[in-house]
Each structure stands twice: as structure tokens, then as C-alpha cells.
Amino acid sequence: MIAREEFVSRFGGVFEYSPFIAERAYDQGLVEEPLTADGVHQALCTVFRAASDEERLGVLREHPDLAGKLAVSGELTEESRREQAGAGLDQLSPEEHAEFTGLNSAYIEKFQFPFIIAVSGLNKDDILAAFKRRIDNSAEEELATACHQVEKIAGFRLQSLLAE
């Protein structure tokens with residue numbers, strides 16, 4: 001069986017800056033070998049869904065703004081940098097960057113967490129369209145959508161970590 005420290009080291013960052021999810025998955029016996037992307041994803045999502053509302057909100061708040069100040073200053077996690085670059089968010093024109101910045105600010109003001117979308121397979125136009133559509137959601141609807149997107153991001157990250 002994989003050691004707890006190794007499991008947390010490998011998978012503690014799958015949910016952005018939230019190693020408690022990997023720790024609890026291991027401690028609750030949800031981790032089964034052989035480790036597969038689907039198996040680890042199911043274990044981590046079970047813990048995420050069982051976390052308190054405040055803990056889940058904390059996970060959402062750990063995610064960076066899309067094309068935001070952390071991206072500009074080079075302070076994204078390697079996973080977030082790669083994901084945003086893959087969607088072309090590192091290639092925005094000044095006008096597009098201004099539009100993302102305005103939407104990020106409005107979204108955070110309304111929902112109290114950053115706009116989160118699994119960008120894998122999307123381009124900047126897809127992301128912008130989703131941003132404009134989702135900003136009109138209710139708080140409850142957007143919280144559920146953001147949590148679903150966080151789980152999708154975790155799935156993509158696990159597929160990369162555990163290429164089978």
C-alpha cells in the first residue's frame with residue numbers, strides 16, 4: 001500500500017492548495033491500489049463533497065483568476081499555468097485581458113470566489129462565453145457549477161499524473 005506521505009505528496013495539489021482532501025481520502029481508507037485516475041478521483045471527490053460548506057468554499061477560493069494577476073506575475077501553480085496556457089489565456093490581447101479582468105472582478109464581487117472552469121479542450125472564446133453566461137447564475141447555482149468544475153479539473157490533473 002502506498003504510504004500516506006507519498007499519497008499526499010503526489011495528490012495533495014490536485015484540488016488547488018488543498019492537501020486536506022488527499023489526507024482525508026487516505027485516512028478514511030478510500031484509496032485502493034492499484035492507483036488509477038478514476039479510483040483516486042472518486043476517493044478525492046467523495047471527500048470534497050463531504051467537506052463542510054466553508055471548506056469547499058475555501059477550495060474554490062484557492063483557484064486563481066483566469067488570466068488574472070497571478071498569471072501575469074508568473075505565480076500560478078505549474079498545473080494552473082499549463083492549463084491556462086493550453087486554452088490560450090497567456091496569449092490575450094490587451095482588450096481581451098481587460099475584458100477578463102472586468103469579468104473576474106464582477107464575478108468575485110457577486111459570488112465571493114473566482115470564476116472556475118475546467119479549461120482543458122476549451123479556447124479563450126469558449127471560456128469567455130461561459131463566463132458571460134454564468135455570471136447571471138444564482139449564488140446556489142454557481143456554487144454547484146464551480147464545485148463540479150473543480151472536480152473536473154481534478155479529474156484532468158489525475159489523468160495527467162496517472163497516465164494509464
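## A guided tour of the predicted model

Begin by selecting Y17, a residue that counts as exposed at 52% relative accessibility. Here exposed means over 50% relative accessible area, buried means under 20%, and partly exposed covers the range in between, with a 1.4 Å probe and protein chains only. The model is predicted, so that local features need pLDDT of at least 70 and side-chain atom pairs count only at pLDDT 80 or more, while totals for chains, interfaces and linings use all residues. Residues are numbered from 1 along each chain as its sequence is written, and side-chain values use heavy atoms, with hydrogens and water left out.

**Loops and backbone**

Y17 belongs to the loop between helix 1 and helix 2. Helices are DSSP runs of H or I with at least four residues, strands are runs of E with at least two, and the numbering starts from the N terminus. The phi of Y17 is near 50°, a positive value in a residue other than glycine. As background, most residues other than glycine have a negative phi, and most peptide bonds are trans.

Is S18 buried or exposed? With a relative accessible area of 4%, S18 is buried. Its side chain reaches the backbone oxygen of E16 at 2.9 Å. This is a polar contact, a term for a pair of N or O atoms within 3.5 Å; within protein, one atom must be able to donate a hydrogen and the other to accept it, and residues adjacent in sequence count only if both atoms are side-chain atoms.

Then select E33 and P34, where the peptide bond from E33 to P34 is cis, with omega near 0°. P34 is placed in the loop between helix 2 and helix 3 (37-50).

Q112 is not a glycine, yet it has a positive phi of about 70°. At 45% relative accessibility, Q112 counts as partly exposed.

**Aromatic rings**

How many aromatic pairs does a search of the whole structure find? The search finds ten. Rings of Phe, Tyr and Trp (its six-membered ring) pair if their centres lie within 6.5 Å; planes under 30 degrees apart count as stacked, over 60 as edge-to-face and the rest as tilted.

Display F100 and F131 together: their ring centres are 6.1 Å apart and their planes stand at 65°, so the pair is edge-to-face. F100 lies in helix 7 (residues 94-111) and F131 in helix 8 (residues 124-134), so this pair ties together parts that are 31 residues apart in sequence. F100 counts as buried at 1% relative accessibility, and F131 counts as buried at 0%.

To see the cluster, select F100, Y107, F111, F113, F115 and F131, which ring pairs link together.

**The cavity**

The structure holds one cavity of 30 Å³ or more. On a 1 Å grid over the protein atoms alone, a cavity is a set of points where a 1.4 Å probe fits but cannot get out, and lining residues have an atom within 4 Å of a point. The largest cavity contains about 110 Å³ of space; grid points are joined across faces, edges and corners, and a volume is the space filled by probe spheres set on the points.

Which residues lie nearest the centre of the largest cavity? Of the 13 residues that line it, H63, L66, Q84, I117 and I153 do. Helix 6 (78-86) and helix 9 (139-161) are the elements that give two or more residues to this lining, and helix 6 gives the largest share, three residues. By class, the lining has seven nonpolar, three polar and three charged residues. Ala, Val, Leu, Ile, Met, Phe, Trp, Tyr, Cys and Pro count as nonpolar, Asp, Glu, Lys and Arg as charged, and the others, Gly among them, as polar.

**Cysteines**

Finish with C45 and C147. The structure holds zero disulfides, a disulfide being a pair of cysteine sulfur atoms within 2.5 Å. The sulfur of C147 is 10 Å from the closest cysteine sulfur, in C45, too far for a bond. C45 is buried, with a relative accessible area of 2%, and C147 counts as buried at 12% relative accessibility.

Key
On a 1 Å grid over the protein atoms alone, a cavity is a set of points where a 1.4 Å probe fits but cannot get out, and a pocket is an open set with protein on both sides within 12 Å along at least five of seven lines; lining residues have an atom within 4 Å of a point.
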